[in-house]
Amino acid sequence: MLRGLIGPSTVVARLKEGLDISSASVKWIAHRVANATNATAPGFDAALAGATPVDVEAEMVALADEQLRYDAATRLLEKAYAQVRASVRER
Amino acid sequence: MRIVGSWFSRAAAGPIVRPLFRGLAIAASGLSAQRQRIEVTAQNLANAETTRTDEGGPYRRKVVAVAPKVSMPDLTRPVLPGDPWILPPRVVEPVDLLGGVEVQGIEEDTTPGELVYDPGHPDADENGYVLYPNVRVSEEMVTLMEARRAYEANATVFEAVKSMLRRAAQI
């Protein structure tokens, strides 16, 4: 019965996937920002080295976006688990 | 450029970071790299007028050499004795290889310094010229500003990852 509430075809599974995707996106942002001043990788001074420069402003906007997305997903997940908990307790 | 030192040998062989905390580790590597850039810039500015060194000649400008770090994913899974579960092989995603940035060493800028006519200087040659370090203060100040801003950006990422982990722990 619980499979129908928190199984792989439910909204909970999709929310978990969303959390994984957000987490991976933040890791990519962190990696790009960490290498922003690296001349051998995309960075501030990378234009001279022929690489694509990192747009730190765009990265910060993407970071804020991912944070909100992650926060929303965790809140929804919290609600979904609260519903399961309520149904288990019969109240 | 000539490599004169490596500061990161211990960190390169450091512990494996669990995927949950990798975002923090990546941001921390950026913070560490920018801190080292600031320290080297401070050293360059402190020696902007140094005309004699142990190696002979004036001080030479130092530059931090950084490169993207590839993280080796931890493919092992803890298995308890008598564990009945058969775990599927873990798929390595590109995100598992992200390791942030790594300081590979401190290199020396080999461009020649400026010759200044100052016959009264103790390090002046027979013609009265003194060879000064190849440190340009304006260039160092720009590097300092850039490193400071990059440090702030990495600190913002660190804060964001930290708040996300805190939020996840509240589910």
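Leaving aside neighbours within four places in sequence, A:Val33 is in contact with A:Val54, A:Val56 and A:Glu59 of its own chain and with B:Gly30, B:Ala153, B:Asn154 and B:Val157; two residues are in contact if their C-beta atoms, placed from the backbone, lie within 7 Å. The model is predicted, and local features need pLDDT of at least 70, side-chain atom pairs count only at pLDDT 80 or more, while totals for chains, interfaces and linings use all residues. Residues are numbered from 1 along each chain as its sequence is written, and chains are lettered from A and ligands numbered from 1 in the order in which they are written.

A:Val33 is buried, because 26 other C-beta atoms lie within 10 Å; buried stands for 20 or more such atoms, exposed for 12 or fewer, and partly exposed for counts in between, with C-beta atoms placed from the backbone. The C-alpha atoms of A:Val33 and A:Asp55 are separated by 8.8 Å, although the two residues are 22 apart along the chain.

A:Val33 belongs to helix α2 of chain A; helices (H or I, at least four residues) and strands (E, at least two) are DSSP runs, numbered from the N terminus. Two packed helices are described by the angle between their axes and the distance between the axes. For α2(A) and α4(A), the axes come within 9 Å and cross at roughly 155°; axes are lines fitted to C-alpha atoms, for helices over the stretch in contact, and angles run from 0 to 180 degrees between N-to-C directions. Therefore α2(A) is roughly antiparallel to α4(A) (under 35 degrees is roughly parallel, over 145 roughly antiparallel, 65 to 115 roughly perpendicular and the rest oblique). Their crossing is left-handed, meaning that the near helix is turned anticlockwise from the far one by less than a right angle, clockwise being right-handed. Among the residues that make this contact are A:Val33 of α2(A) and A:Val56 and A:Glu59 of α4(A). By class, the contact of α2(A) with α4(A) has 15 nonpolar, four polar and four charged residues; Ala, Val, Leu, Ile, Met, Phe, Trp, Tyr, Cys and Pro count as nonpolar, Asp, Glu, Lys and Arg as charged, and the others, Gly among them, as polar.

Chain B also has a helix pair. The axes of α2 (residues 22-46) and α3 (residues 137-169) of chain B come within 8 Å and cross at roughly 160°, so α2(B) is roughly antiparallel to α3(B). This crossing is left-handed.

Between the chains, the contact takes 26 residues from chain A and 27 residues from chain B. On the side of chain A that touches chain B, α2 (11-34) and α4 (56-89) each supply at least two residues, and α4(A) gives the largest share, ten residues.
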